Amino acid sequence: MFFQHIYDKSLAQASYLIGCQAKGEAIVIDAKRDIDTYLQIAKENNLTITHITETHIHADFLSGSRELAKVTGAEMYLSDEGGEDWQYQFPHTGLTNGDTIKVGNLTLKVIHTPGHTPESISFLLTDHPATDEPVMIFTGDFVFVGDIGRPDLLEKAAGITGTQEKGAKEMYHSVQDFSKLPEFIQLWPGHGAGSACGKALGAVPSSTVGYEKIRNWAFQYEEDEEGFVKYLLEGQPEPPKYFAMMKKLNKVDRPLLTEVPEHPKLSKENFLKAYQSGVKIIDTRNKADFAQGFIPKSINIQGNNSFSTWMGWIVNYAEPFILVAQEEQMEDLTRKLMRIGMDQMMGYVDDVKDLDLELQTADIIDIEEFKSYLNRDDVQVVDVRNKTEYDAGHIENAENVFVGTLAHNLDKISREKPIVIHCQSGDRATIAYSLLKKNGFENVKNFSGGMKEWIEKANTVKN
């Protein structure tokens, strides 16, 4: 058996290529959209991708199954569980509980595991030349290392009311069934630490059924469905805004993108024409470089592992945008955007000083100056972390306006008082700062040290 775990750090998303080396056949589970990774792995290992499958209709990334099928001619095997409202709306071979996918000398048995979503399935893998006992289970967003998938996304992100309570109860029963599997089976989930698909995912990429039964909180409620449901639903982080679009695009027919596109470096004239017509400018530079000089009305979303997530929060899928980035960054940034279906980039520029624009500088303050603004009626202090973080501990009298929804809550920000913003360690605060400046807020200060520095040095936090 050939096995490869492919991990996208930017979305904390795992996909898998498993092959039968004797027959030269392979299957890909939960493919990302930049599919050249799988084609290269298969080629290097003398495998042909003959089967493609998914654990469920994903909300956090744009699946590459259809791109991969178009290029390879492989058959797509997708869930037909969950009822009429949860069916893929494009041609595929349907899977239901108990079905088997045969890949050379390997078999993957389908287990319906509803809870995260109604159509969710897991795959129990057996390598028959070695043993007729199953060896691995691929759980998607059902069971993670140390956590389980959240059942509230359909309601919170996709707006399908009444689904989270039902999903939590289904998840309880799926977990009880899962616990009956042999303890030696390896667990390979769809996500790791940093994903918004759960609240306490572990950083270790895999586990076993037996170990999860010991350490995963979800397996400690064997006779307590009510307690399980309550704990599962409380404290879940706010799902990124783009999740609703992903849910739709992964279910219906859509345009396919089978290669990583190359975007042009824009001339000064072309950039200025687009800029003056209102095209959104996303500055991907480090927050310190941005603070020293930025294009008026540009938004600073740093090109790190969180880039695609914040792009999905801040940028509308209907609007074009231009990046400020270096040429050597562009392939990586393009891949990150592809993975959430954000294809409307017009191009990029690499030097903000070469555009004949008067640059602005950010008002960054240190902890001593920050202290001078606290507990004053004439200053508004805004904590732009998410509600769960804020509720766990915040600076006294700081108001909570989450950066992901800031643009829709500008009425909560004073236009008369000085504004002082902060987050945990500065990355989200620079997004918030640039959004406020873009929307005409003049007197904004950024305590970029955030809660991290505050706890280290001041340690006066209100719970």
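Residues 24 or more positions apart account for 67% of the contacts (heavy atoms within 4.5 Å) in the protein chain that have a separation of 6 or more. The model is predicted, so to speak of local features pLDDT of at least 70 is needed and side-chain atom pairs count only at pLDDT 80 or more, while totals for chains, interfaces and linings use all residues. Residues are numbered from 1 along each chain as its sequence is written, and side-chain values use heavy atoms, with hydrogens and water left out.

**The whole chain**

Of the 463 residues, 57% are buried, that is, under 20% relative accessible area with a 1.4 Å probe, protein chains only.

**The E1 to E6 sheet**

Select next the open sheet of six strands in the order E1-E2-E3-E4-E5-E6, whose pairing is mixed; two strands pair if DSSP finds at least two bridges between them. Strand E1 (2-8) and strand E6 (93-95) are the edge strands, each pairing on one side only. From one strand to the next, the twist averages 25°. Strand E4 (residues 48-53) and strand E5 (residues 75-79) pair in the parallel sense over three bridges, and Thr53 has Tyr77 in E5 as its bridge partner.

Helix H1 (residues 36-44) lies across E1, strand E2 (13-20), strand E3 (25-29) and E4, at about 155° to E1. Helix H2 (residues 65-72) lies across E3, E4 and E5, at about 150° to E4. Axes are lines fitted to C-alpha atoms, for helices over the stretch in contact, and angles run from 0 to 180 degrees between N-to-C directions.

**The E7 to E12 sheet**

Another selection shows an open sheet of six strands, ordered E7-E8-E9-E10-E11-E12 with mixed pairing. Strand E7 (100-103) and strand E12 (207-208) stand at the edges with a single partner strand each, so one side of each has no neighbour in the sheet. E7 pairs with strand E8 (residues 106-112) in the antiparallel sense over four bridges, and Val103 stands opposite Leu106 in E8.

Proceed to Ser120, in the loop between E8 and strand E9 (121-127). Ser120 counts as buried, at 0% relative accessibility. Leaving aside neighbours within four places in sequence, its contacts include Thr55, His56 and Phe142.

**Helix H6 and the cores**

Centre on helix H6 (residues 225-233), where Gly227, Phe228, Val229, Leu232 and Leu233 are buried. The buried residues of H6 pack against helix H4 (164-178). Just after H6, Gly235 takes a positive phi of about 75°.

Finally, display the largest nonpolar core, of 55 residues; such a core is a set of buried Ala, Val, Leu, Ile, Met, Phe, Trp, Tyr and Cys residues joined through side-chain atoms within 4.5 Å. Among the residues with the most contacts inside this core are Ile282, Leu323 and Leu436. Helix H14 (427-438) is one of the elements giving two or more residues to the core, and H14 supplies its largest share, six residues. Apart from this core lies another, of 23 residues, including Leu124, Phe178, Ala218 and Leu233.

Key. Buried means under 20% relative accessible area, exposed over 50%, partly exposed in between (1.4 Å probe, protein chains only).
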